[in-house]
Amino acid sequence: MKITKDSVVSIDFKLHLGDGKVVDESEGDEPLVYLQGHEEIVPGLEKALEGKTKGDSLKVVITPDEGYGEYDPDGIEEVPRDSFPEDLTLEVGGELFASDDEGNEMEVTVKEIREKTVMVDFNHPLAGKTLHFDITVRDVRAATAEELEHGHAHGPEGHGHDHD
Ligand code: ZN
């Protein structure tokens, strides 16, 4: 079957940023499994995969507007040092998980450590980057009723994650 909205898709992927150096990839026997049309992956990748089928290989170049967004210079904020857990070791370039007021988790990057504050970059680490994907479609299947209800794919053993 062809990939379309509500397909559960398994892909092998490698991601580089134009220089061929792989920054992210699926691992051997564990393809990335996602639900097409539910914003689980970046929009440019969904577009490129629409209509593809099992066994297809493709190279996709995605500009930031269809990837993780443009880099926002206002996304850097000064945060008091004492708002971090005491036992947390902070280092420049380190990535941390922070929650916003609505409890959504996001990855942030430490830019600078000052005496009483820390400069934190709230941009996605791949914001502003052009993404180069090498992809092979390993499997396409219809979503189960449960997956559609949740709006995401479940792994081969059913639920691979926790729900609130
Ligand atoms: Zn679920």
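This is a predicted model: local features need pLDDT of at least 70, side-chain atom pairs count only at pLDDT 80 or more; totals for chains, interfaces and linings use all residues.
Two strands pair if DSSP finds at least two bridges between them. Helices (H or I, at least four residues) and strands (E, at least two) are themselves DSSP runs, numbered from the N terminus. With those terms ready, here are the views.

Figure 1. Residues are numbered from 1 along each chain as its sequence is written, and side-chain values use heavy atoms, with hydrogens and water left out. The protein has two helices and nine strands; from the N terminus on, they follow the order β-β-β-α-β-β-β-β-β-β-α. Domain 1 covers 7-68 + 127-150 and domain 2 covers 73-121, with bounds that come from an automatic or database domain assignment. Taken over C-alpha atoms, the centres of domain 1 and domain 2 are 29 Å apart. The C-alpha trace spans about 60 × 40 × 25 Å along its principal axes. Of the 164 residues, 32% count as buried, where buried means under 20% relative accessible area, exposed means over 50%, and partly exposed lies in between (1.4 Å probe, protein chains only). Contact means heavy atoms within 4.5 Å; among contacts between residues at least 6 apart in sequence, 62% join residues at least 24 apart.

**Figure 2. An open sheet of four strands.** Follow the strands across the sheet and you meet them in the order β5-β8-β7-β6, with antiparallel pairing. The edges are β5 (76-80) and β6 (95-99); each has a single partner strand, so one side of each is left without a neighbour in the sheet. From one strand to the next, the twist averages 45°. Such angles run from 0 to 180 degrees between N-to-C directions, and the axes are lines fitted to C-alpha atoms, for helices over the stretch in contact.

**Figure 3. Strand β8 and its two partners.** β8 (residues 117-121) runs antiparallel to β5, and five bridges join them. One place to look is Val-79, whose bridge partner in β8 is Val-118. β7 (residues 105-113) is joined to β8 by four bridges, and this pair also runs antiparallel. Here Thr-109 has Asp-121 of β8 as its bridge partner. A hairpin takes the chain from β7 to β8 through three residues. In a regular strand the side chains alternate between the two faces of the sheet. In β8, Thr-117, Met-119 and Asp-121 point one way, while Val-118 and Val-120 point the other way. Five of the five residues of β8 are buried, so this strand is largely enclosed by the rest of the structure.

Figure 4. Asn-123 sits in the loop between β8 and β9. Is Asn-123 buried or exposed? With a relative accessible area of 9%, Asn-123 is buried. A polar contact is a pair of N or O atoms within 3.5 Å; within protein, one must be able to donate a hydrogen and the other to accept it, and residues adjacent in sequence count only if both atoms are side-chain atoms. The side chains of Asn-123 and Asp-121 make a polar contact of 2.8 Å. The Asn-123 side chain also reaches the backbone oxygen of Asp-72, at 2.8 Å. Leaving aside neighbours within four places in sequence, Asn-123 is in contact with Glu-70, Tyr-71, Asp-72, Gly-75 and Glu-107.

**Figure 5. Two nonpolar cores.** A nonpolar core is a set of buried Ala, Val, Leu, Ile, Met, Phe, Trp, Tyr and Cys residues joined through side-chain atoms within 4.5 Å. The largest one has 20 residues, of which Leu-45, Leu-49, Val-60, Phe-133 and Ile-135 touch the most other members. Two or more residues each come from β1 (7-16), α1 (43-49), β4 (57-62) and β9 (131-142). β9 gives the largest share, five residues. Not counting residues up to four places away in sequence, Ile-135 touches residues including Ile-11, Phe-13, Leu-45, Leu-49, Leu-58 and Val-60. A second, separate core has eight residues, among them Phe-84, Leu-90, Val-118 and Val-120.

**Figure 6. The segment after α2.** His-152 lies in the segment after α2 (145-150). At 18% relative accessibility, His-152 counts as buried. Its side chain joins that of His-154 in a polar contact of 3.4 Å. Gly-155 lies in the segment after α2 too, and at 29% relative accessibility Gly-155 counts as partly exposed.
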